[in-house]
Amino acid sequence: MNESALILADFTPDGLTEFQQIDLQTFDLEKLFKKSMSTTQSAIYLLTVADPKATLKQIKKSVKCIGAAGGLVKNGNGQLLFIHRLGKWDLPKGKIDPGEKPKKTAIREVEEECGIKVDYLGPKILSSYHVYEMKGEMVLKKTNWYEMGVNKRPKLIPQTAENITEAKWIDPEQLEEVLKNTYGLIKDVLAKNAYI
């Protein structure tokens with residue numbers, strides 16, 4: 001939510017020091033989202049519940065949900081694929097079409113957004129959730145992220161129709177440019193694969 005994070009857990013995670021505790025009785029995702037949108041400060045909110053999965057299921061029932069999928073793509077030289085969209089570095093991803101499987105979506109979106117052919121689809125890295133506003137309505141988007149690979153170092157063609165101004169191969173040792181101007185969820189994907 002606008003660089004703020006909501007953690008659902010049945011305990012307080014180790015190392016979590018600065019956070020705001022949320023009470024389940026007064027929890028309102030829409031109010032929390034509006035609060036996050038009204039400030040430039042990022043925050044961590046902790047909602048401690050007995051069953052985090054059941055709570056997430058309840059939250060998903062209360063809002064419009066959209067599925068998406070994308071990938072962390074590595075080329076034959078070990079470089080990672082990033083796109084620059086709407087002023088931030090991102091990973092290629094997109095909405096799941098009706099009846100489409102997330103893995104197929106991930107491949108299709110990477111290929112469409114960057115003009116390449118995916119040669120390898122690996123395991124799912126993680127699923128992320130983010131909240132945003134679409135046509136005045138709050139939406140919860142779940143994105144499945146997959147490891148992917150391409151042979152050699154194919155030329156990239158950014159899909160400008162999707163507001164992608166640049167597609168770029170970046171060495172894992174040179175991620176500072178990306179990390180200074182990306183989303184927290186992208187950092188999570190990179191951290192899960194031990195790039196940061």
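Visitor: Which residues lie nearest the centre of the largest pocket, and how many residues line the pocket?

Guide: The general idea comes first. Rolling a probe the size of a water molecule over the atoms shows where empty space is left. On a 1 Å grid over the protein atoms alone, a pocket is an open set of points where a 1.4 Å probe fits, with protein on both sides within 12 Å along at least five of seven lines, and lining residues have an atom within 4 Å of a point. In this structure, 44 residues line the largest pocket, and Ser 128, Tyr 129, His 130, Val 131 and Leu 185 lie nearest its centre.

Visitor: What kind of model is this, and how are its residues numbered?

Guide: This is a predicted model, in which local features need pLDDT of at least 70 and side-chain atom pairs count only at pLDDT 80 or more, while totals for chains, interfaces and linings use all residues. Residues are numbered from 1 along each chain as its sequence is written, and side-chain values use heavy atoms, with hydrogens and water left out.

Visitor: How much space lies in the largest pocket, and which strand gives the largest share of its lining?

Guide: A volume is the space filled by probe spheres set on the grid points, which are joined across faces, edges and corners. For the largest pocket this space is about 1600 Å³. Strands (E, at least two residues) and helices (H or I, at least four) are DSSP runs, numbered from the N terminus. Strand β8 (residues 120-134) gives the largest share of the lining, with 7 residues.

Visitor: How many residues has helix α3, and what does it reach from its first C-alpha to its last?

Guide: The expected span of a helix is 1.5 Å times one less than its number of residues. Helix α3 (residues 102-114) has 13 residues and reaches 18 Å, close to the 18 Å expected. Just after α3, Gly 115 takes a positive phi of about 70 degrees.

Visitor: Which residues of α3 are buried, and what covers them?

Guide: An α-helix has 3.6 residues a turn, so residues three or four places apart point the same way. Buried means under 20% relative accessible area, exposed over 50%, and partly exposed in between (1.4 Å probe, protein chains only). In α3 the buried residues are Thr 105, Ala 106, Arg 108, Glu 109, Val 110, Glu 113 and Cys 114. Their cover includes β4 (64-74), β5 (80-85), β7 (93-95), β9 (137-149) and β10 (164-170).

Visitor: Is Ser 36 buried or exposed, and which residues does it touch?

Guide: Ser 36 is found in helix α1 (residues 29-37) and counts as buried because its relative accessibility is 0%. Contact means heavy atoms within 4.5 Å. Not counting residues up to four places away in sequence, Ser 36 touches Met 1, Asn 2 and Ser 4. Met 37 is also found in α1, but it counts as partly exposed because its relative accessibility is 46%.

Visitor: Which strands pair with β5, and in what direction do they run?

Guide: Two strands pair if DSSP finds at least two bridges between them. Strand β5 is joined to β10 by 6 bridges, and the two run antiparallel; Phe 82 stands opposite Lys 168 in β10. Another 3 bridges join β5 to β6, also antiparallel, with His 84 opposite Trp 89 in β6. Both faces of β5 are covered: Leu 80, Phe 82 and His 84 are buried on one side, and Leu 81, Ile 83 and Arg 85 on the other.

Visitor: What lies between β5 and β6?

Guide: These strands form a hairpin with 2 residues between them, and Leu 86 in the turn has a positive phi of about 55 degrees. That is a positive value in a residue other than glycine. Leu 86 counts as exposed because its relative accessibility is 63%.

Visitor: Which strands run parallel to β3?

Guide: Strand β1 (residues 5-9) runs parallel to β3 (residues 44-48), joined by 5 bridges, and Leu 6 has Tyr 45 as its bridge partner in β3. Strand β2 (residues 20-22) is also parallel to β3, with 3 bridges; there, the partner of Gln 21 is Leu 46.
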